[in-house]
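Reader: I'm new to this one. Can you walk me through it in plain words?

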Amino acid sequence: LLLTSSANAHMLMAKPVPFSVGVITTAPITASQFPCQSNAGFTITEMNNMKVGDAQTLSFNGSAIHG
């Protein structure tokens, strides 16, 4: 018996702002997009200014509900 599950939704990193934020999606990636939706390119849409040693905010938009 083979059991499979599908994903209802996925997440995108909100902070720090990822590369190509206006192009990447929450859809599952395909083999041609691996890794990290690299087919979307690596455009800096907003510079993340960070100082070494300072606390940084890590936040996500969306959810990851599986099965």
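Author: One term to start: buried means under 20% relative accessible area, exposed means over 50%, and partly exposed is in between, with a 1.4 Å probe and protein chains only. By that rule, Gln 37 is buried because its relative accessible area is 8%.

Reader: What kind of model is this, and how are residues numbered?

Author: This is a predicted model: local features need pLDDT of at least 70, side-chain atom pairs count only at pLDDT 80 or more, and totals for chains, interfaces and linings use all residues. Residues are numbered from 1 along each chain as its sequence is written, and side-chain values use heavy atoms, with hydrogens and water left out.

Reader: Back to Gln 37. Where is it in the chain?

Author: Gln 37 sits in the loop between S1 and S2. Strands (E, at least two residues) and helices (H or I, at least four) are DSSP runs, numbered from the N terminus.

Reader: How many helices and strands are there?

Author: The chain has zero helices and two strands. Strand S1 covers 11-15 and strand S2 covers 59-62, and Leu 58 lies in the loop between them.

Reader: What does the side chain of Gln 37 reach?

Author: The backbone oxygen of Thr 25, at 2.7 Å. For a polar contact, two N or O atoms must lie within 3.5 Å; within protein, one must be able to donate a hydrogen and the other to accept it, and residues adjacent in sequence count only if both atoms are side-chain atoms.

Reader: Which residues does Gln 37 touch?

Author: Leaving out residues up to four places away in sequence, Gln 37 touches Ile 24, Thr 25, Ala 27 and Ile 29. Contact means heavy atoms within 4.5 Å. Ile 29 is partly exposed, at 40% relative accessibility.

Reader: And Gln 33, buried or exposed?

Author: Gln 33 counts as buried, at 16% relative accessibility. A polar atom of its side chain lies 2.8 Å from the backbone nitrogen of Thr 30. Gln 33 touches Pro 28, Ser 38 and Asn 39, not counting residues up to four places away in sequence.

Reader: What share of the chain is buried?

Author: Of the 67 residues, 10% count as buried. The chain exposes about 5400 Å², and carbon and sulfur atoms supply 61% of that. These areas come from the Shrake-Rupley method with a 1.4 Å probe; for residues, only the protein chains shown count as cover.

Reader: New topic. How many salt bridges are there?

Author: A search of the whole structure finds one. The side chains of Lys 15 and Glu 46 form it, at 3.7 Å from N to O. Lys 15 is in strand S1 and Glu 46 is in the loop between S1 and S2, so the pair ties together parts 31 residues apart in sequence. The term means a side-chain nitrogen of Lys or Arg within 4 Å of a carboxyl oxygen of Asp or Glu.

Reader: Are those two buried or partly exposed?

Author: Lys 15 is partly exposed, with a relative accessible area of 38%. Glu 46 is partly exposed too, at 41%.

Reader: What about the peptide bond from Lys 15 to Pro 16?

Author: That bond is cis, with omega near -10 degrees. Pro 16 is in the loop between S1 and S2. Ser 20 is in that loop too. Ser 20 is not a glycine, yet its phi is positive, about 50 degrees. Ser 20 is buried, with a relative accessible area of 2%.

Reader: How many aromatic pairs are there?

Author: The structure holds one. The rings of Phe 19 and Phe 42 have centres 5.6 Å apart and planes at 90 degrees, so the pair is edge-to-face. Both residues lie in the loop between S1 and S2, 23 residues apart. Rings of Phe, Tyr and Trp (its six-membered ring) pair if their centres lie within 6.5 Å; planes under 30 degrees apart count as stacked, over 60 as edge-to-face and the rest as tilted.

Reader: Which residues form the nonpolar patch on the surface?

Author: Met 11, Met 13, Leu 58 and Phe 60, with about 370 Å² of accessible area together. Patch residues have over 30% relative accessible area and no salt bridge; like charges are joined within 9 Å, and nonpolar side chains (Val, Leu, Ile, Met, Phe, Trp, Tyr) within 5 Å. Leu 58 counts as exposed, at 55% relative accessibility.
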